[in-house]
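Here's a quick briefing to read alongside the viewer. Have the model open and follow along topic by topic.

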Amino acid sequence: MLDTTEASGMVMNKTAEEAGALAKAVSTAKAGHETKIAASKVSVFYGDKQALFDVSIDIPERQVMAFIGPSGCGKSTFLRCINRMNDTIDICSVKGTIEIDGANIYDPKIDPVLLRARVGMVFQKPNPFPKSIYDNIAYGPRIHGVAKAGSAMDEIVERSLQRAALWNEVKDRLDQPGTGLSGGQQQRLCIARAIAVDPDIILMDEPCSALDPIATAKVEELIDELRAQYTIVIVTHSMQQAARVSQKAAFFHLGKLIEVDETDKMFTNPSDQRTQDYITGRFG
Amino acid sequence: MSVTLLFAIVLALAFVGYLLGRSSAANLKTAGNNLHSIPPYHGYFVALWCGLPALLLVLVWMAAQSTVVDQLLLASLPSHLTEGATPARISLMLGEIKNVAAGRIFGTPDQATIDAAARYQSMQNTASLAMVVCTLAAAVAGIAFARSRLSPDFRARNRVDGILRWLLIICSILAILTTLGIILSLVIESLSFFARVPVVEFLFGLNWSPQTPIRADQVASTGAFGAVPVFWGTIFISVIAMLVALPVGLFSAIYLVEYADKRIRAIVKPLLEILAGIPTIVYGFFAVLTVAPFIRDFGTSLGLSVASNSALAAGGVMGIMIIPFISSFSDDAITAVPQSMRDGAYALGATKAETIRQVLLPAALPGIVGGVLLAVSRAIGETMIVVMAAGLTATLTVNPLEGVTTVTVQIVMLLTGDTEFDSPKTLAAFGLGLVLFISTLALNILALQVVKRYRERYE
């Protein structure tokens, strides 16, 4: 009973907040945002090989930050540092600090499991679990004990799917396997799954690379809506996509962060020659 | 001339045929012709025509020779010996003649036998010589025929491919026919068993005591063929085996895939798989000499009465034998779950245990189930461990400390020692075998279906 009231209370708050935040986002689109993630001198090693060199970057909240750069430049590696997914790779080690809301996530006191509940992630290839659509969404809330079952869980599932703009397409077949959806729907299901744990930050690792143009447009539209609520970091290979969805962009090259700026500025007037060469298609 | 030597000569001729075919094709080519197939194919074509008919002839000849010679020999015997003789008497006579011909003379054979032996010897010699001549003639004729076919337009490659295809088809048909033959013999013998013992009594009877009196005046039980206690024993021991093997195998697979680092995995996995390479008879005496006495002594110290051939000992050791089946199947199934599933779960803040329990195991379940079903059919058919460690009397019990018997043990008991081939006691073995065969076949088919469905999932 307690769960139910809490959850529905939360829903109310969220919707009100959502509307407010949306208005705020629209009005302050160009205005400064507070720093959500602050990385300083992050280096990553795979065994003896160094993949990332002293990356320092501030990522503002409630905006979309795009990481661009040629293949193998370390942008995905850096993305995976933000939710400590690199911990799951044995030979990978990370140096430097990344602070989220002022707390260093590489502090030994931080539990990566709890961190990942706050920092959601969407992968390159849609990876729904071989479970029903409902259970895919309910998985996160269930393991974190946010809601048990019944109406509280139903509400979380419905809200998450609605925010991921998938509810209308799947509401009549929630008990069918998530793997049976189309690629674009699967990717939105994965976004809904990430939203369901109510994170602050959503990391997206080339979320549209396996999707067709129509599905890509839907996911991009969704990213644009989500930034009112979440801090979003997206890795992309598509310059157009970075221009369409992001407010700020960071250019990585050979494991180094070359340039961070407003997306508009970077695409029209980059300050580094390498950025200009990449954007104009001279390499990459 | 021995058959081995003959084979060697035919092979040498085939090689010569290959060289001849290749060189004549090469000559055609140098003469400016445009060949359809490259010269080696012409060579293979000639070699196959030389070798295959000749070798086939040898095989057929060897199969037929003894029958033909026997008939000729019989026809040459004086009529007073063969007239009115029973088939058994005739085969005895032929055996004696052959013994004499081979120089194994017992007692004093009569003159007719000695003459026949001499005739037999000469007939054998003639036949062998004829075989050699015919085979070599066939080989040479094959070469001549095949060479006459060679021409620039001759599609040697297609012909060779065709012949090879037929060879492959014949090989696979041979395997299938053998299986069919086994099934057929099982079914036929079982039918003659079920003609003596009603199917219903066999499948649902609760009393198993197959000893039947051999002589009319012998004191023995009349024979009861209710197979339920026997099948129960098999099921019971298999269940015990699975209770041991399933958790140990599955958990060690999970450890190896998800927790162990590479070096440990490289050592532990082969060690686990060594278990699969131990001969079952070694498991058998491990069960009899080590495990069973241990269980009995341990049980006695607790004040329990434990049979020395307890179901627990046999089932437990069989479980150990099955561990590698389950662990390697589960290992494959868990490894085959895409890394993206793990990433997805970890990214949601799942712990390792939660990921394994809620994502990996459900995704790997079909593969694991397939492995378990194969392991069960292995357990049901396992013979040596239970022959050594399980009991002989069919008991209907659920107490693992008592002895039970299994289908395979009973088949061994029924068919070893002096047996008559028309008594229900012997034929009962075929009835048991048939049911066993059908159940393991069904389990295998089920397992393959499950594994197949699983494979379709991630490709």
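In chain A, strand β3 (residues 64–68) pairs with strand β8 (residues 231–235) in the parallel sense, over four bridges. Keep in mind that this is a predicted model.

- Over in β9(A), the bridge partner of A:Met65 is A:Lys248.
- How buried is β3(A)? Five of its five residues are buried, so the strand is largely enclosed by the rest of the structure.
- In a regular strand, side chains alternate between the two faces of the sheet.
- For β3(A), A:Val64, A:Ala66 and A:Ile68 sit on one side, with A:Met65 and A:Phe67 on the other, and both faces are covered.

**The sheet around it**

- β3(A) belongs to an open sheet of six strands in chain A, ordered β6-β7-β8-β3-β9-β10, with mixed pairing.
- At the edges you'll find β6 (119–122) and β10 (256–262) of chain A, each of which pairs on one side only.
- From one strand to the next, the twist averages 20°.
- Helix α7 (residues 183–196) of chain A lies across β6 and β7 (201–205) of chain A, and runs at about 170° to β6(A).

**A helix pair in chain A**

- Helix α4 (residues 133–143) and helix α5 (residues 151–163) of chain A have axes that come within 9 Å and cross at roughly 110°.
- Which residues make the contact? From α4(A) they are A:Tyr134, A:Ile137, A:Ala138 and A:Pro141, and from α5(A) they are A:Met153, A:Ile156, A:Val157, A:Ser160 and A:Leu161.
- By class, the residues of this α4(A)–α5(A) contact come out as eight nonpolar, one polar and no charged.

**Chain A by the numbers**

- Chain A has 11 helices and 10 strands.
- It runs to 284 residues, of which 46% count as buried.
- Looking at contacts in chain A with a separation of 6 or more, 71% are between residues 24 or more positions apart.

**Where chain B touches chain A**

- The contact involves 16 residues of chain B and 22 residues of chain A.
- On the chain B side, α12 (339–347) and α13 (352–381) each supply at least two residues.
- Which helix of chain B gives the most to the side that touches chain A? That's α12(B), with six residues.
- The side of chain B that touches chain A has eight nonpolar, five polar and three charged residues.

**How chain B is laid out**

- Chain B is divided into domain 1 (3–154), domain 2 (158–196) and domain 3 (224–458).
- Taken over C-alpha atoms, the centres of domain 1 and domain 3 of chain B are 50 Å apart.

Conventions. Residues are numbered from 1 along each chain as its sequence is written. Chains are lettered from A and ligands numbered from 1 in the order in which they are written. This is a predicted model: local features need pLDDT of at least 70, side-chain atom pairs count only at pLDDT 80 or more; totals for chains, interfaces and linings use all residues. Domain bounds come from an automatic or database domain assignment. Axes are lines fitted to C-alpha atoms, for helices over the stretch in contact, and angles run from 0 to 180 degrees between N-to-C directions. Two residues are in contact if their C-beta atoms, placed from the backbone, lie within 7 Å. Ala, Val, Leu, Ile, Met, Phe, Trp, Tyr, Cys and Pro count as nonpolar, Asp, Glu, Lys and Arg as charged, and the others, Gly among them, as polar. A residue is buried if 20 or more other C-beta atoms lie within 10 Å of its own, exposed if 12 or fewer, and partly exposed in between; C-beta atoms are placed from the backbone. Two strands pair if DSSP finds at least two bridges between them.
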